[in-house]
Amino acid sequence: MHNRAISITSKIMREVLSSAAEAELTGLFHNGKDTCPMKIALEEVGHKQLATPIITDDSTAMGIANDEVKQKRFKAIDMRFHWIRDRVRQGQFIDKGKQI
């Protein structure tokens, strides 16, 4: 991690979650949502931003974010938490384990 900002957020989730994977995906969503304004601000002042590495200890949550888990497995998860999956598809975030 060469000369990069680190963002760690800790907050109580107000959502009712039914699984550990859903809780981890919710954490990825909230952290990603908080990170985007920082990335935009840095780009506006001339600092090109690469894909931001994301880290989670739940392989199912990371599989959902990376499109490696079939949709039938996570139908009940709130759609707003799929925002992180869309941002991974756009190249704004990357699984730290797959970082080059």
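Which residues is Phe 93 in contact with, leaving aside its neighbours within four places in sequence? The list is Gly 32, Thr 35, Cys 36, Ala 51, Thr 52, Ile 54, Trp 83, Ile 84, Arg 87 and Val 88. Contact here means heavy atoms within 4.5 Å.

Residues are numbered from 1 along each chain as its sequence is written, and side-chain values use heavy atoms, with hydrogens and water left out. The predictor's confidence in each residue is its pLDDT, on a scale from 0 to 100. The average over the chain is 79, and 84% of the residues score at least 70. Among the elements, H3 has the highest mean pLDDT (87) and H2 the lowest (83). Where pLDDT is low, the predicted coordinates should not be read in detail.

Start with the layout. The chain has 3 helices and 2 strands. Along the sequence they follow the pattern α-β-α-α-β. Both kinds of element are DSSP runs numbered from the N terminus: helices are H or I with at least four residues, strands are E with at least two. Of the contacts with a separation of 6 or more, 65% join residues 24 or more positions apart. The chain exposes about 7200 Å², and carbon and sulfur atoms supply 53% of that area. Accessible areas come from the Shrake-Rupley method with a 1.4 Å probe; for residues, only the protein chains shown count as cover. Buried residues make up 32% of the 100 residues. Buried means under 20% relative accessible area, exposed means over 50%, and partly exposed lies in between (1.4 Å probe, protein chains only).

Now follow helix H1. It covers residues 20-44, which is 25 residues. At 1.5 Å a residue it should span 36 Å, and its end C-alpha atoms are 37 Å apart, which agrees. The expected span is 1.5 Å times one less than the number of residues. H1 also bends by about 25° at Thr 35, and Pro 37 follows within four residues. The bend is the angle between axes fitted to the seven residues ending at a position and the seven starting there. Just after H1, Gly 46 takes a positive phi of about 100°.

What covers the buried residues of H1? The cover includes strand S1 (52-54), helix H2 (59-65), helix H3 (83-89) and strand S2 (93-95). Among the buried residues of H1 are Leu 25, Leu 28, Phe 29, Gly 32 and Cys 36. His 30 is also in H1. His 30 counts as buried because its relative accessibility is 13%. Beyond four places in sequence, His 30 touches Lys 11 and Glu 15. Ala 23, also in H1, is partly exposed at 25%. Beyond four places in sequence, Ala 23 is in contact with Met 13 and Leu 17. Its C-alpha atom is separated by 8.4 Å from that of Ala 61, 38 residues away along the chain.

Next, the aromatic rings. Rings of Phe, Tyr and Trp (its six-membered ring) pair if their centres lie within 6.5 Å; planes under 30 degrees apart are stacked, over 60 edge-to-face, and the rest tilted. The count comes to 2 aromatic pairs. In one of them, Phe 29 and Trp 83 have ring centres 5.9 Å apart and planes at 85°, so the pair is edge-to-face. Phe 29 lies in H1 and Trp 83 in H3, so the pair ties together parts that are 54 residues apart in sequence. Phe 29 is buried, at 8% relative accessibility. Phe 29, Trp 83 and Phe 93 form one aromatic cluster.

That brings us back to Phe 93, in strand S2. Phe 93 is buried, at 2% relative accessibility. Phe 93 and Gly 32 are 61 residues apart in sequence, yet 8.2 Å apart C-alpha to C-alpha.

Two loop residues complete the tour. Thr 56 sits between S1 and H2 and is buried at 18%. Beyond four places in sequence, Thr 56 touches Glu 24, Leu 28 and Met 62. Asn 66 sits in the loop between H2 and H3 and is buried at 16%. Asp 95 is 8.7 Å from Thr 56, C-alpha to C-alpha. The C-alpha atoms of Asn 66 and Asp 95 are separated by 7.6 Å.

How values were computed
Predicted model: local features only at pLDDT ≥ 70, side-chain atom pairs only at ≥ 80, totals over all residues.
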